[in-house]
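User: Please take a close look at one part of this model. I want the contact between the chains, and the charged pairs around it.

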Amino acid sequence: MDRTKRFSLLAGGISIGSEEITAGTLSGLFKDLTDGTDVLVSNWHVFMGEPEKTNILQPGRYDGGRMPNDIVGVLKRSAPIDVYGKLPWWKRILCMLFGWLLEEWCMPSKLPNYLDAACSTFQPYDKSRTVARGVYIDEDKILFPKNTHTGDGIVGRKVWKVGRTTEVTIGTVIDDSATVKVWYGDRWIIFQDQIVVEGDASGGDSGSPTFIMEKDSPSEEDAFVGLLYAGGAKHFIVCKYKYILEKLQVKWG
Amino acid sequence: MDSTSNRQILAVEVSAMQKVREALEKLLLEKGISGYSIRGNKVVIYVEDEESASQFKSMAFEGYETEIKVIGRLQML
């Protein structure tokens, strides 16, 4: 399935991104607990920009998304995280060039981060475009697992994620309370209480909704457990649904 | 054992765990370290590659079993 194309009907697992970035994955349609409206959700670094100003494109720019035709919404808010403003411009440039060598120097804060997530309105420029709850499993099938899970106590469980690049992959949770250090292109950011999964993911999969698998393959009995946002060699990192609820204040489904 | 002794043992354990946590927070700033986790009496140190695994394999924390696991260099996807 080509997840990088322009979709008339949006759902989780397809290309999306703010006008400022290349492309990531749409996590899905969530309910905003602050005002009861439906919102699109992905990672903070996928929806990066200024609230109420930055446009969100489907597909993402890297996949051919252009303004204004492909605008599907405007950034609403992101969960609290270290912001770029905290580093002076000269330090940002140095960290962009040499940050992978200057580990401690390029870590701007000791404040704990738990979540890389943001939400946007759904206000498509093309009014014929709609959005469905759930995620694309293949071209003709949208699956909507209605259950949710906090993300605690799941070591050893099978999970699956669906992303723009590597599509549906299945993995195993090896840790559900890890502290990790993630490279963001010009700085390291530390996250606490994270899920570590042994499984495949690649660039563009950020934002992939992740589910605890109850059967041998993805099903509607599975439970949404969090968002993929980072990865390494044959492993990826997922931030927990409990923090999406608490800090971004949006609800799955 | 009375409740006072139990409280003292608990306080010593909490203090020991706090020290381990502080040591791990410092370790996290080292090149080659991707993360860590404390699960019961086991400390898992996540590293970027085999070279880092060799470098940190002798890490030990009193009262804790230590495991080194290679998960790669973590970056946003």
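Is B:R39 buried, partly exposed or exposed?

Analyst: B:R39 is partly exposed, because its relative accessible area is 28%. On this scale, buried means under 20% relative accessible area and exposed means over 50%, with partly exposed in between (1.4 Å probe, protein chains only).

Some ground rules come next. This is a predicted model, where local features need pLDDT of at least 70, side-chain atom pairs count only at pLDDT 80 or more, and totals for chains, interfaces and linings use all residues. Residues are numbered from 1 along each chain as its sequence is written, chains are lettered from A and ligands numbered from 1 in the order in which they are written, and side-chain values use heavy atoms, with hydrogens and water left out.

Now the partner of B:R39. B:R39 forms a salt bridge with A:D175. Their closest N and O atoms are 2.7 Å apart. A salt bridge here is a side-chain nitrogen of Lys or Arg within 4 Å of a carboxyl oxygen of Asp or Glu. The pair crosses between chains: B:R39 sits in strand β1 (residues 33–39) of chain B, and A:D175 in strand β13 of chain A. Helices (H or I, at least four residues) and strands (E, at least two) are DSSP runs, numbered from the N terminus. A:D175 is buried, with a relative accessible area of 0%.

The interface of chain B and chain A has two salt bridges by this rule. A:E198 and B:K69 also meet through their side chains in a salt bridge, at 3.9 Å from N to O.

Which strands of chain B take part? β1, β3 (65–70) and β4 (75–76) of chain B each supply at least two residues of the side that touches chain A. β1(B) gives the most to that side, with seven residues. By class, the side of chain B that touches chain A has 11 nonpolar, six polar and six charged residues. Ala, Val, Leu, Ile, Met, Phe, Trp, Tyr, Cys and Pro count as nonpolar, Asp, Glu, Lys and Arg as charged, and the others, Gly among them, as polar.

The contact takes 23 residues from chain B and 35 residues from chain A. Contact means heavy atoms within 4.5 Å. The two chains bury about 2300 Å² between them, 58% of it on carbon and sulfur atoms. Buried area is the accessible area (1.4 Å probe) that two parts lose on being put together, summed over both.

Other charged pairs lie inside chain A. The whole structure holds 24 salt bridges over all chains. In one of them, A:D32 pairs with A:R77, the closest N and O atoms being 2.7 Å apart. This pair links distant parts of the chain, from strand β4 (residues 28–32) to strand β7 (residues 71–78) of chain A, 45 residues apart. A:D32 counts as buried, at 1% relative accessibility. A:D32, A:D35, A:K76 and A:R77 are linked in a network of salt bridges.
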